[in-house]
Amino acid sequence: MSMIGEYMRLTPQDLDKALSDPEWIRDLIDELWDSQSAGGALDTRLMDIDKAWHGLALALGRAGVSMAAVYGDEPVPGVDDWGYGPPTWMTVERVAEVSAALSGLDAEQTIDAVPLAAFVDAETYPAIWTQPDAKDYLASHLKQLIEFFAEAADAGMGMLMWID
């Protein structure tokens with residue numbers, strides 16, 4: 001049971017193809033992750049936020065930013081499960097909107113604004129909230145997420161996200 005939050009940014013053409021042929025994009029994603037695991041170059045279209053997704057959703061929601069940054073907007077049609085539910089997607093325009101909201105955040109302040117007890121009370125995955133570096137873990141992944149969305153928005157890309 002990994003439960004890793006994963007993302008892929010896509011050109012509008014590739015997003016359209018992914019939505020009409022989800023098996024194609026899943027095969028491509030698997031191929032890219034396998035290549036990276038075997039020592040190949042990192043494909044910058046892919047990113048994961050490890051197990052920080054649930055904590056980030058809580059912190060972003062409290063900061064007034066759409067949790068679509070973590071969970072996406074709509075399920076990919078015709079796909080049941082990529083690990084823990086279907087993948088979701090965002091249009092190019094929506095990526096730009098979410099990126100603009102994320103760009104206004106300071107990662108450390110956003111995470112520090114949420115008391116550790118709130119993560120515990122919400123039974124936030126993973127159960128790391130008694131560890132001294134728990135907030136650093138979230139802040140580092142929030143910085144990564146902010147940058148990933150900014151790069152996608154700047155390049156006019158849409159996005160897929162899923163938990164695997």
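Author: What follows covers a pair of helices and then one threonine. This is a predicted model, where local features need pLDDT of at least 70, side-chain atom pairs count only at pLDDT 80 or more, and totals for chains, interfaces and linings use all residues. Residues are numbered from 1 along each chain as its sequence is written, and side-chain values use heavy atoms, with hydrogens and water left out.

Reader: At what angle do H3 and H8 pack?
Author: Helix H3 (residues 53–62) and helix H8 (residues 134–154) pack at about 75 degrees, and their axes are 10 Å apart. H3 is therefore roughly perpendicular to H8 (the term covers 65 to 115 degrees). Helices here are DSSP runs of H or I with at least four residues.

Reader: Which residues make the contact?
Author: Gly55, Leu56 and Leu60 come from H3, and Leu138, His141, Leu142 and Leu145 from H8. Contact means heavy atoms within 4.5 Å.

Reader: How many residues does H8 have?
Author: H8 has 21 residues and reaches 31 Å from its first C-alpha to its last, close to the 30 Å expected at 1.5 Å a residue. The expected span is 1.5 Å times one less than the number of residues.

Reader: New topic. Is Thr88 buried or exposed?
Author: Thr88 is buried, with a relative accessible area of 10%; buried means under 20%, exposed over 50%, and partly exposed in between, with a 1.4 Å probe and protein chains only.

Reader: What does the side chain of Thr88 reach?
Author: The Thr88 side chain reaches the backbone oxygen of Tyr71 at 2.7 Å.

Key:
Axes fitted to C-alpha atoms, helices over the stretch in contact; angles between N-to-C directions. Helix = DSSP H or I, 4+ residues; strand = E, 2+ residues; numbered from the N terminus. Parallel < 35°, antiparallel > 145°, perpendicular 65-115°, else oblique. Polar contact = N/O pair within 3.5 Å; in protein donor to acceptor, adjacent residues only side chain to side chain.
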